[in-house]
Structures are given as structure tokens and as C-alpha cells.
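Subject: Structure handover

Hello,

Here is the structure for your files. My notes on it follow below.

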Amino acid sequence: MTFTDTDAHHMARALELARRGLYTTDPNPRVGCVIVKDGKIVGEGFHARAGEPHAEINAVRAAGATARGATVYLTLEPCCHHGKTPPCTQALIATGVTRVVAAMQDPNPRVAGQGFAELKQAGIESASGLMQSEAEALNPGFIRRMQQGRPFVRVKLAASLDGRTAMANGESKWITGEPARADVQHWRARSSAILTGIGTVLADDPSLNVRAFDMGRQPLRVVLDSQLRMSPKAKMLALPGTTLVVTASNDAVRAEALRKAGANVQVVGKNGRVDLAALMKMLAAREVNEILVEAGATLSGALLEAGLVDELVLYQAPCLLGDAGRGLFRLANLTQMTARPTLEVKDMRAIGQDWRIIAKVASGK
């Protein structure tokens with residue numbers, strides 16, 4: 001199918017609608033829908049929360065009887081299976097639309113082209129691929145989980161201009177300014193989980209929650225604590241939301257103390273350390289799409305060496321901490337230039353007095 005400028009215009013609107021669910025749809029994908037008839041939009045909608053109607057249903061309800069004979073623009077192939085809601089393909093067929101244009105095929109194996117096939121069997125012209133890269137950028141975690149069985153991992157770091165995250169004694173508050181710290185709240189809000197290491201917990205006692213606005217949920221807080229050193233009095237355990245402590249220890253006494261304090265404790269160990277690959281599979285099984293890592297050089301480096309980092313969000317402040325300061329990544333196995341991780345900078349912009357760099361990790365698995 002050849003797409004027109006008009007098709008692109010309406011798909012851009014569908015993508016705009018999908019972004020409205022950026023913080024709330026988890027673990028479902030962010031999807032927008034526009035219904036057009038005789039050149040005019042007669043209905044539109046987006047998916048807001050898991051368990052609530054999908055974008056197509058909201059758009060169909062808004063269009064009513066005028067949807068018959070219309071074209072539907074969707075950012076994701078319509079579902080064709082019964083989940084928490086009925087299949088959207090049947091709703092579109094019953095409404096009498098004649099054409100469906102989707103930005104991308106659904107990576108969910110339960111759909112994966114079957115939605116299009118069902119529509120075509122009903123005589124509805126269907127195609128995908130219009131503004132596909134923009135649609136994929138909205139749902140990197142959902143796609144990664146469906147295709148590779150692990151979440152999309154984004155590492156957030158704050159550093160000085162000379163690449164230091166803290167003074168030699170560990171002091172790090174605050175390297176960046178308030179605008180950059182406020183920007184981090186948006187990355188937290190879109191994430192399914194926030195991941196950190198026990199070193200960060202012991203040093204900073206962080207909250208790891210979303211404070212800037214109410215989105216109706218808190219991301220899962222995940223603490224990697226191989227030897228169960230976390231205190232039952234840790235600040236995050238008293239906050240709304242769930243804290244998952246992942247360990248390699250079988251110390252039942254310490255585990256029970258953390259559980260009584262409100263934590264979930266799970267053993268995912270290998271040779272006395274948390275098995276990172278197994279951790280990712282476990283989190284994917286919990287329907288975790290996007291992970292924001294807020295950790296020190298040790299955990300950040302371990303994830304990078306394991307090929308489990310997809311993207312870096314680096315805030316760089318106009319200050320210097322000196323060569324004794326702490327670095328961004330501990331990469332003990334990096335001994336040759338040919339083995340260095342390579343990055344593709346996707347975006348760079350000023351956030352207050354700081355710079356924010358978003359980079360894709362080319363060596364991610």
C-alpha cells in the first residue's frame with residue numbers, strides 16, 4: 001500500500017495521542033487511534049491504563065455510527081485475542097470501517113500479524129509501516145520484552161564535565177542543577193522499574209519514587225543486594241509502591257526481617273552474586289517493560305559488560321571533580337580499544353545549565 005501525505009498527517013496525530021499514555025499504560029503498550037471519514041476526523045482515542053479500553057475502542061465509541069466506511073489510523077496492529085479486554089479486531093469489523101493503517105505490527109506473539117489477517121479476511125484493507133520508527137520509539141520496552149524476553153534497560157547517570165559522578169569520598173549532592181533533577185522524574189515515571197545496587201542504598205538511602213506528579217502508580221523498586229545488607233529501616237520500604245530485593249544469599253533471618261519491613265525478597269544468584277541475565281528474565285516475567293538504572297559504577301559497569309544496557313541518559317554538569325573522583329562505569333575487563341563499548345548519540349540538549357545526552361549502546365544484546 002502506498003501512503004499519502006494525508007495518511008502521514010493522521011498517523012502523526014495518532015502518535016501524539018499515544019504519548020498521552022506514556023506514564024500510565026504499563027505494562028501495556030502506548031497506543032493511539034484516529035478514525036477519519038471524508039477527510040475529517042470523526043473519532044480518536046488512546047489507551048490510558050491496563051484493563052481499560054484500548055485506543056481503538058475509545059476512538060470507535062467517539063465516532064459512533066459515522067465510523068462506517070472510515071479509515072482507521074493506529075500506532076500498533078489491533079489485538080485479536082481475549083485478554084483483560086475483548087479483541088479490537090472484532091470491534092473494528094463490527095463497526096464497518098473499510099481501511100486500517102497501522103504504524104507497526106504487534107511484536108506480541110499472540111498477535112504478530114494475525115490481527116491484520118483477521119481484518120483482511122473480513123474485507124478490510126490493511127497495511128503497516130507508516131511512521132514505524134516513531135511508533136517503535138514509544139514502546140521500546142514492550143518490543144524488547146516481546147521479542148527478546150527481557151526489558152529495555154536505560155542507565156541514568158549524572159557527571160561532571162570530566163566524567164566524575166562523585167568526589168573520591170563519595171560526596172555527590174548535587175552535581176547537576178534542579179532542572180536536570182526534575183527531568184529525571186519523567187524518566188522514572190515512564191519506567192516499569194527503577195534498579196539500583198546495595199552500595200547506592202547504603203550510601204544515599206534513596207527513595208527511588210516519582211514525586212513530580214501523580215500517575216496512579218509507582219515503578220517497581222529493585223535493589224540488587226547479593227549478601228542482604230539492606231537495612232529494614234531503609235527509607236524506600238516505608239513508601240508507597242513495591243520494593244523487590246534481589247539477592248544471592250540464603251540468609252533466612254535477614255530475608256524475613258526485610259519482608260516484615262515490607263520488601264519482597266527473591267533469590268536470583270549465581271556463584272554468590274546476582275545473576276544479571278536471570279534477573280532480566282525474571283523481571284520480564286513480571287511484565288516489566290522499561291528499567292531505569294540509577295546506580296554506581298560497579299552495577300552500571302556490570303550491566304554494560306553483560307550487554308544488557310540499551311540506552312544511556314547522561315546529565316553532564318559544567319563543573320570539574322578531578323581525577324580522584326569516581327567514574328561512570330567500572331569496566332575491569334576492558335583492556336583493548338577494539339573492545340570498547342560504542343555509542344550512538346540520539347539526542348543532546350541543554351537542561352538548565354547542564355547538558356543531557358541520550359545515547360544508544362551499539363553493543364547491547
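R154 and E290 form a salt bridge (a side-chain nitrogen of Lys or Arg within 4 Å of a carboxyl oxygen of Asp or Glu), with the closest N and O atoms 2.9 Å apart. The two residues sit 136 positions apart in the chain, R154 in strand β6 and E290 in strand β13 (residues 290-293); helices (H or I, at least four residues) and strands (E, at least two) are DSSP runs, numbered from the N terminus. Both R154 and E290 are buried, where buried means under 20% relative accessible area, exposed over 50%, and partly exposed in between (1.4 Å probe, protein chains only).

This is a predicted model, in which local features need pLDDT of at least 70 and side-chain atom pairs count only at pLDDT 80 or more, while totals for chains, interfaces and linings use all residues. Residues are numbered from 1 along each chain as its sequence is written, and side-chain values use heavy atoms, with hydrogens and water left out.

Other salt bridges

The structure holds 17 salt bridges. R154 and E290 belong to a network of them that also links R30, R190 and E311. R188 pairs with E294, the closest N and O atoms being 2.8 Å apart. That pair also links distant parts of the chain: R188 is in helix α7 and E294 in the loop between β13 and α11 (297-305), 106 residues apart. R188 counts as buried because its relative accessibility is 8%, and E294 counts as buried at 10%.

E344 and K346 form a salt bridge with the closest N and O atoms 3.3 Å apart. Here E344 is partly exposed, at 39% relative accessibility, and K346 is exposed, with a relative accessible area of 52%.

Pocket and cavity

Both terms come from a 1 Å grid over the protein atoms alone: a cavity is a set of points where a 1.4 Å probe fits but cannot get out, and a pocket is an open set with protein on both sides within 12 Å along at least five of seven lines; lining residues have an atom within 4 Å of a point. Grid points are joined across faces, edges and corners, and a volume is the space filled by probe spheres set on the points.

The second largest pocket holds about 860 Å³ of space. It is lined by 30 residues, of which E136, A137, P140, F152 and E311 are the closest to its centre. Elements giving two or more residues to this lining include α5 (132-138), α6 (140-148) and β6 (152-160). The largest share, six residues, comes from α5. By class, the lining has 12 nonpolar, five polar and 13 charged residues; Ala, Val, Leu, Ile, Met, Phe, Trp, Tyr, Cys and Pro count as nonpolar, Asp, Glu, Lys and Arg as charged, and the others, Gly among them, as polar.

In α11, the residues L299, S300, G301, L303 and L304 are buried. The buried residues of α11 pack against β6, β7 (193-197), β8 (220-224), α10 (276-285), β13 and β16. Just after α11, G307 takes a positive phi of about 70°.

T89 lies in helix α3 (residues 88-95) and counts as buried, at 0% relative accessibility. Beyond its neighbours within four places in sequence, T89 is in contact (heavy atoms within 4.5 Å) with P78, C79, C80, G115, E118 and L119.

Regards
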